[in-house]
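Colleague: I would like to go through a model feature by feature. Please show me how each one is read.

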Amino acid sequence: MAKEKVLNEFILHRSEHNPLISPTDFPGGIADSVMNCGQVMHEGKVVLLVAVVYRGRYNGAEAGIHVATSEDGIHFDINPEPLCKPVDWAPGWKEMDRWVIDPRLTKIDDTYYIMRPGQCPGGPVALLEKTKDFKTLEYMSCVSLPANRVPCLFPEKINGMYVRFDRPYAVKNTPQGGIWLSYSPDLIHWGNHKPVLMPWGAFYGLKVGPTPPIKTKDGWLEIFHGVWRNCANDRYSLSAMLLDLEDPTKIIGKMESWILTPQADYERLGNVNNVVFACGAIADEEKDEIRVYYGAADEHVCLATGSLSELIDACKKGL
Ligand code: BMA
């Protein structure tokens, strides 16, 4: 008799409703791939910013970012028109900005800031946009030189300065893709750069990428993805670390293993095989819950949940 496949779940548990959002859920058959999503609670609802690669050109773009809202966190209403579209971030460069993906979403005061990569010949740049209502979007600025990936903001100032993570890398596809931190007085001008986590060892030996940190009483909880390159392909997993509240370049606890790695069929096989990828997470300290809406195989949005305190403990213990 064939052995039943048992998923090795560690801290995070997959929703039985996975996958939650797939290309066929998009009205008008516009979606080819459903990619990764930013996520927040807004007016009591889960709001996801879902990146979609289109079957053809749509609004002049190959990809766009759509708002999906849900009362129960499982069933989503999807806006067929994208919130984030290509922007003219430099004169005549709108056509270049057609790969609109990977929104990392952070609420600061009453505003939601979106940081995402914009395409450019030297590699991506970091584009900053903002919204208050997920209906209208205001482009703010290009806030990095190429090549820069995975930019995201902390939800509040530290010592009077805005804080961000990103991943500058000199040589594409070499093990130099580490997480860096920098500071800004106004969200536009950034400096005082410091490295925080470099790729190392098995599951994150090639590169690492951050999500907007979550403030907890024990420190900043930071969920990150790690990429392992083997002789056949790349594998994207998720893990977590805890950073000092006053000086987030100080790692005060870090897991040695992953919390989620591609094992379910919808994570192992898709547009890009062996990918679980998060652009954020939603924490609820009262319910002791962490919810991670993650991209699976660059094809679906899925959900994994776990205990927030168990995750923090795992960071402290270095599990
Ligand atoms: C990364 C990003 C993600 C994607 C992942 C796996 O570089 O582009 O959007 O999910 O690769 O393909």
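The dialogue below takes the overall fold, then the ligand site, then some backbone details.

Colleague: What kind of model is this, and how many helices and strands does the chain have?

Modeller: This is a predicted model. Its chain contains two helices and 22 strands.

Colleague: How does the radius of gyration of the chain stand against that of a compact globule?

Modeller: The general idea is to set the value for the chain beside the value that a compact globule with this number of residues would have. For 319 residues that expectation is near 20 Å, and the chain has 18 Å, so the two agree. Along the principal axes, the C-alpha atoms fill a box of roughly 60 × 50 × 45 Å.

Colleague: What share of the residues is buried?

Modeller: Burial is read from relative accessible area, and a residue under 20% counts as buried. Of the 319 residues in the chain, 57% are buried. The accessible surface comes to about 13600 Å², and carbon and sulfur atoms hold 51% of that.

Colleague: How much of the contact count comes from residues 24 or more positions apart?

Modeller: Among contacts in the chain with a separation of 6 or more, such pairs account for 51%. P124 and P168 are 44 residues apart in sequence, with their C-alpha atoms 9.6 Å apart. For E95 and L311, 216 residues apart along the chain, the C-alpha separation is 42 Å.

Colleague: Now the ligand. Which residues surround it?

Modeller: A list of neighbours is the starting point, and their classes can be read from it. The ligand is surrounded by M35, N36, I101, D102, R149, Y236, V272, V275, F277 and D298. By class, that shell has six nonpolar, one polar and three charged residues.

Colleague: Which side chains place a polar atom by an oxygen atom of the ligand, and at what distance?

Modeller: Here one reads distances between polar atoms. D102 has a polar side-chain atom 2.9 Å from a ligand oxygen. For Y236, an N or O atom of the side chain is 3.1 Å from an oxygen atom of the ligand. R149 has a polar side-chain atom 3.4 Å from a ligand oxygen. As for cover, the ligand taken alone exposes 310 Å², and the protein buries 84% of that.

Colleague: Where are cis peptide bonds found, and what omega do they have?

Modeller: Omega is the angle to read for the peptide bond. A147 sits in the loop between β9 (138–142) and β10 (148–153). Another cis bond joins N18 and P19, with omega about -15 degrees. P19 lies in the loop between β1 and β2.

Colleague: What does the side chain of N18 reach?

Modeller: It makes a polar contact with the side chain of Y294 at 3.5 Å. The N18 side chain also reaches the backbone nitrogen of L303 at 2.9 Å. Leaving out residues up to four places away in sequence, N18 touches Y266, Y294, C302 and L303. With 12% relative accessibility, N18 counts as buried.

Colleague: Which residues have a positive phi although they are not glycine?

Modeller: Phi is read residue by residue. F134 has a positive phi of about 65 degrees, and N274 also has a phi of about 65 degrees. F134 is in the loop between β8 and β9, while N274 is in the loop between α1 (265–268) and β19 (276–278).

Colleague: Are these two residues buried or exposed?

Modeller: F134 counts as buried because its relative accessibility is 7%. N274 is buried too, with a relative accessible area of 11%.

Notes. Residues numbered from 1 in each chain as written. Predicted model: local features only at pLDDT ≥ 70, side-chain atom pairs only at ≥ 80, totals over all residues. Heavy atoms only, no water. Near = heavy atom within 4 Å. Polar contact = N/O pair within 3.5 Å; in protein donor to acceptor, adjacent residues only side chain to side chain. Areas by Shrake-Rupley, 256 points an atom, 1.4 Å probe, with all protein chains shown as cover. Nonpolar A, V, L, I, M, F, W, Y, C, P; charged D, E, K, R; others polar. Helix = DSSP H or I, 4+ residues; strand = E, 2+ residues; numbered from the N terminus. Rg over C-alpha atoms; globule rule 2.2 N^0.38 Å. Buried < 20%, exposed > 50% of the residue type's maximum accessible area, 1.4 Å probe, protein only. Contact = heavy atoms within 4.5 Å.
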